[in-house]
Amino acid sequence: MIYGDNTSSTVSITCLVPQVSVLGPRLFISYTADLADVVEKHDVNLHVYADDTQLYLKFFCDEMTFAATRLEHCLTDVSHWMSTNRLKLNSEKTELIWVGSRYGDTPLGSCGPSLQLGTDTVAASDHVRILGVTISSDLSLDKHVSNVAN
């Protein structure tokens with residue numbers, strides 16, 4: 001790039017999908033298709049929409065520690081897979097929520113254990129945003145309605 005009398009250095013790019021490309025979403029889906037195999041090895045469920053990914057699993061309240069360990073191992077393998085495939089698992093954007101009935105004795109939201117993601121800790125939250133919708137740990141939409149109304 002030339003600006004005034006200054007010229008920037010040339011950088012070679014070996015892989016790229018233009019942001020506004022019609023093929024971009026399809027190429028990304030094809031590129032990340034193997035991620036499902038990595039997650040499946042841990043018996044964890046996967047939901048993907050574009051570049052937004054959720055991992056989830058069902059467990060009984062006395063299995064919470066085991067569930068947290070399974071998720072940590074799964075996230076470690078996902079992180080390694082992403083590094084190998086020139087992607088990054090952004091721990092700052094990673095959210096964790098423990099969901100249960102508001103009438104049961106299951107720890108909800110931020111009461112559940114945190115997960116270790118490399119050197120980072122992902123703390124449990126009382127609510128998370130999934131595709132623009134705020135979901136609370138008791139699966140109510142009260143927080144979402146409050147956010148939209150304001």
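**Briefing: core, pairs and turns in a predicted model**

Ser136 is buried, with a relative accessible area of 10% (buried means under 20% relative accessible area, exposed over 50%, partly exposed in between, with a 1.4 Å probe and protein chains only). This is a predicted model, where local features need pLDDT of at least 70, side-chain atom pairs count only at pLDDT 80 or more, and totals for chains, interfaces and linings use all residues. Residues are numbered from 1 along each chain as its sequence is written, and side-chain values use heavy atoms, with hydrogens and water left out.

**Ser136 and its surroundings**

- Ser136 sits in strand E10 (helices, H or I, of at least four residues and strands, E, of at least two are DSSP runs, numbered from the N terminus).
- Ser136 is in contact with Ile97, Asp126, His127 and Lys143, leaving aside neighbours within four places in sequence (contact means heavy atoms within 4.5 Å).

**The nonpolar core**

- The largest nonpolar core has 20 residues (a nonpolar core is a set of buried Ala, Val, Leu, Ile, Met, Phe, Trp, Tyr and Cys residues joined through side-chain atoms within 4.5 Å).
- Which members touch the most other members? They are Val39, Val44, Leu71, Val78, Leu96, Trp98 and Leu115.
- Helix H2 (35-40), helix H3 (64-84) and strand E6 (115-117) are the elements that give two or more residues to this core.
- H3 gives the most to this core, with nine residues.
- Val39 is in contact with Val44, Asn45, Leu46, Leu55, Cys74 and Val78, again leaving aside neighbours within four places in sequence.

**The aromatic pair**

- The structure holds one aromatic pair (rings of Phe, Tyr and Trp, the last by its six-membered ring, pair if their centres lie within 6.5 Å; planes under 30 degrees apart count as stacked, over 60 as edge-to-face and the rest as tilted).
- The ring centres of Phe59 and Trp98 are 5.6 Å apart and their planes stand at 85 degrees, so the pair is edge-to-face.
- Phe59 lies in the loop between strand E4 (52-56) and H3, and Trp98 in the loop between strand E5 (96-97) and E6, so the pair ties together parts 39 residues apart in sequence.
- Phe59 is partly exposed, at 22% relative accessible area.
- Trp98 is buried, at 3%.

**The salt bridge**

- A search of the whole structure finds one salt bridge (a side-chain nitrogen of Lys or Arg within 4 Å of a carboxyl oxygen of Asp or Glu).
- Arg70 forms a salt bridge with Asp43, and the closest N and O atoms are 4.0 Å apart.
- Arg70 lies in helix H3 and Asp43 in the loop between H2 and E3, so the pair ties together parts 27 residues apart in sequence.

**Strands, a hairpin and positive phi**

- Strand E3 (residues 45-49) and E4 run antiparallel, joined by five bridges (two strands pair if DSSP finds at least two bridges between them).
- His47 has Gln54 in E4 as its bridge partner.
- E3 and E4 form a hairpin with two residues between them, and Ala50 in the turn has a positive phi of about 55 degrees.
- Most residues other than glycine have a negative phi.
- Asp43 has a positive phi of about 55 degrees although it is not a glycine.
- Leu131 is not a glycine either, yet has a positive phi of about 50 degrees.
- Leu131 lies in the loop between strand E9 (127-130) and strand E10 (133-136).
- Leu131 counts as partly exposed, at 47% relative accessibility.
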